[in-house]
Amino acid sequence: MSHLFAALSVLRPAGDLTRSEDSPQVTNPGVMLESSRRLSRSCRSSSSLSSSHSFFFLSYCLRRERRWWAIHRSSEDRCGFWERKVGLWHRTVATYGPGDAEDYLHRKYTNAYRVDVPTFEYLLRLSRQDLSRQTTRFREPVCAGKRLAITLHWLAHGGTFEQLAEKYCIGASTCHAIIHGTVTFLKNNLVKKAIKFPTGISLDRVIAGFEALADFPMCAGAMDGTFIHMQKPAIWGDTYWCYKNYIAIIMLAVCDHRCCFTFVDVGRAGCVGDAYTYNESSLKRRIEGGVWLSERERDMNGTLVKPCLIADSAFALRTQVMKCYDTATYAHQRRFNSTLTSTRQKIENAFGFLKGRWKILTKNHIRDPAFMRDVALVCTALHNVCQRANCRYETHWNAPSVDYVQIGPALPPVRLQDMPGGAEVRFALATSL
């Protein structure tokens with residue numbers, strides 16, 4: 001033991017053999033090197049100390065204090081929006097019982113997360129196993145419910161990760177990892193369940209729904225495109241500039257009579273148009289290949305009409321893609337244009353509900369087109385879940401009119417080459433109305 005104290009005394013003054021927490025730490029490399037040399041000479045002069053003991057004393061004396069990789073937060077500092085506000089909502093329901101208290105809880109969830117309580121619980125059951133993390137001896141993990149709430153809050157209100165992290169009392173890097181992980185999970189597991197193109201019995205329901213809505217026969221969906229806001233990417237950023245004078249990616253979508261999306265193609269640069277996106281999409285390949293919309297046929301005035309999609313003048317006229325007459329001279333043409341326009345309003349309503357409920361599509365700081373594509377897909381899937389669950393939609397959520405009106409000079413009309421057979425099918429539909 002005498003050699004131990006002799007070795008330690010080389011680095012510390014006499015009487016200070018135990019380092020206190022308030023004592024300064026030696027960080028000068030020259031002083032540390034000189035101290036190691038003095039310690040080595042002292043250890044070599046002591047015949048009773050072995051070389052292993054000398055190495056132990058050297059490593060012990062030169063060891064630096066452990067630095068924590070995250071800020072330590074007390075239990076009170078970790079109580080953010082989820083612990084305080086959401087916990088208060090549930091305690092209110094438990095105190096006053098069902099009835100008005102449950103409606104109060106649904107309204108609070110809808111305003112904060114854009115989904116009601118049953119829908120939030122459905123999403124939590126779907127993702128609990130994958131979003132849960134293991135508890136370690138260092139800290140307790142963020143629970144699955146809080147992870148889902150943080151992601152839904154970000155999708156519903158937009159903003160930066162720093163603002164959301166401060167609201168939920170977590171680190172900004174933790175918030176970033178939670179949102180990216182949850183969005184990836186929902187894209188891989190929810191999108192395929194929520195967005196399905198109608199076939200078989202579901203196709204019959206969609207056709208009957210559109211026919212009951214505006215008396216338009218053999219309509220399998222309304223198709224249109226819209227722009228999704230984002231920041232300028234670092235690579236090929238100018239190609240994402242759209243004609244509405246902002247950076248965006250384009251989304252091509254088809255919806256049914258309930259404003260639920262049945263097909264979504266998103267991620268192309270904003271400089272391309274709706275027609276180009278349709279021509280390069282899997283939707284066109286599957287329709288023309290007979291995979292979709294080939295199960296039903298109806299004889300109309302001697303013409304066999306298959307289920308078709310209705311679109312605006314940006315698309316070419318095809319046997320299964322209908323659009324309005326450019327010049328409506330006769331009564332049946334005007335009647336067809338009016339019916340098709342009122343029926344196609346469903347896709348405009350669907351885009352309005354989508355951007356109104358999920359503000360991240362109009363207000364974000366995302367520069368990665370791939371991640372923006374995943375976010376848009378997740379938002380469309382969540383939109384379908386909310387529509388089928390009849391979640392409340394508030395009118396003050398509506399997106400600004402800049403997303404729907406044209407900014408700047410009007411573009412010249414584009415005349416697309418109509419495909420053979422499209423005019424005959426349109427005439428058969430127009431005369432049957």
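Here are a few friendly notes on the cysteines of this predicted model and on one pair of its helices.

1. Some ground rules. This is a predicted model, where local features need pLDDT of at least 70, side-chain atom pairs count only at pLDDT 80 or more, and totals for chains, interfaces and linings use all residues. Residues are numbered from 1 along each chain as its sequence is written, and side-chain values use heavy atoms, leaving out hydrogens and water.

2. How many disulfides does the structure hold? There are zero, taking a disulfide as a pair of cysteine sulfur atoms within 2.5 Å. For Cys386, the closest cysteine sulfur is in Cys391, 4.2 Å away, and that is too far for a bond.

3. Are these two cysteines buried or exposed? Cys386 is buried, because its relative accessibility is 1%. Cys391 is buried too, at 9% relative accessible area. (Buried means under 20% relative accessible area, exposed over 50% and partly exposed in between, with a 1.4 Å probe and protein chains only.)

4. Now have a look at helix 6 (residues 117–131) and helix 7 (residues 144–157), which pack with axes 9 Å apart and an angle of about 120°. Helix 6 is therefore oblique to helix 7; angles under 35 degrees count as roughly parallel, over 145 as roughly antiparallel, 65 to 115 as roughly perpendicular and the rest as oblique.

5. Who meets whom? The contact residues divide into eight nonpolar, two polar and two charged.

Definitions and conventions
Axes are lines fitted to C-alpha atoms, for helices over the stretch in contact, and angles run from 0 to 180 degrees between N-to-C directions. Helices (H or I, at least four residues) and strands (E, at least two) are DSSP runs, numbered from the N terminus. Ala, Val, Leu, Ile, Met, Phe, Trp, Tyr, Cys and Pro count as nonpolar, Asp, Glu, Lys and Arg as charged, and the others, Gly among them, as polar.
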